[in-house]
Amino acid sequence: DDIFVCENEGRHDVFKDDTESERCEVMTVQIDGCYGVGEVFSMPRVVPAAKKKGFRGCKSYDISNGWNFLLTEHRAKCKEELNRLKPEFLVLSPPCGPFSRILYIKNRCNTEERRRKYLEGLVLLEFAMDLCRLQCEQGRKFLFEHPKGAASWSEECVKRVQGLDGVTEVVTDMCMFGLRDPQNPQKRWHSVVDQFEVRVSS
């Protein structure tokens, strides 16, 4: 569920898309100037949307366009490129499935399969947190999102990033950003960790 940032009369408003802007609450992010936008663990969605709003697009990194972050060399190359491109705003949405409570429902999957999924998910989550720290260290901004009920929020790598100076958490109901099933809105709570001063306005 991608959230993108667009400029509106000196503010930067976060919408699911333009059609949602009139009926949903808007998270308004105080950012100055035009900046580069990048996304990791996401097919090109946020970057193209940002470009349409006049922002400088950086790059999208995802398994769908050849980036397998279970591979050490892919993680190293991505980090090297981001060090060079220096996106001012980086969106990170690593897979949340390995941290879903559904995996622990009886007979949903066996213990060995659940353990494998968790270990793979942890590699991806730790890489995402590494990129978040990189953004912080270099004075840039990030946005990381996962479902509120995901076990990932209990992982030490996430807690360390949450404890960094300037990092805040926002919980939002994604049906307000157009999430449907496909006919009806879904009440699905997501937590967003970022470095912005965020306020909610109607």
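**Exercise 1.** Find what follows helix H3 and what caps its N-terminal end, then check its span.

*Solution.* Gly139 follows H3, with a positive phi near 75°. Helices here are DSSP runs of H or I, at least four residues, numbered from the N terminus. At the N-terminal end, Asn110 is the cap. One of its side-chain oxygens lies 3.2 Å from the backbone nitrogen of Glu112. Now the span: H3 covers residues 111-137, 27 residues.

**Exercise 2.** State how confident the predictor is in the chain.

*Solution.* This is a predicted model; local features need pLDDT of at least 70, side-chain atom pairs 80 or more, while totals for chains, interfaces and linings use all residues. Numbering runs from 1 along each chain as its sequence is written, and side-chain values use heavy atoms, without hydrogens and water. Mean pLDDT (confidence in each residue, from 0 to 100) is 76 for the protein chain. Of its residues, 67% reach 70 or more. Residues 185-190 stay under 50.

Definitions and conventions
Helices (H or I, at least four residues) and strands (E, at least two) are DSSP runs, numbered from the N terminus. The expected span of a helix is 1.5 Å times one less than its number of residues. A polar contact is a pair of N or O atoms within 3.5 Å; within protein, one must be able to donate a hydrogen and the other to accept it, and residues adjacent in sequence count only if both atoms are side-chain atoms. Contact means heavy atoms within 4.5 Å.
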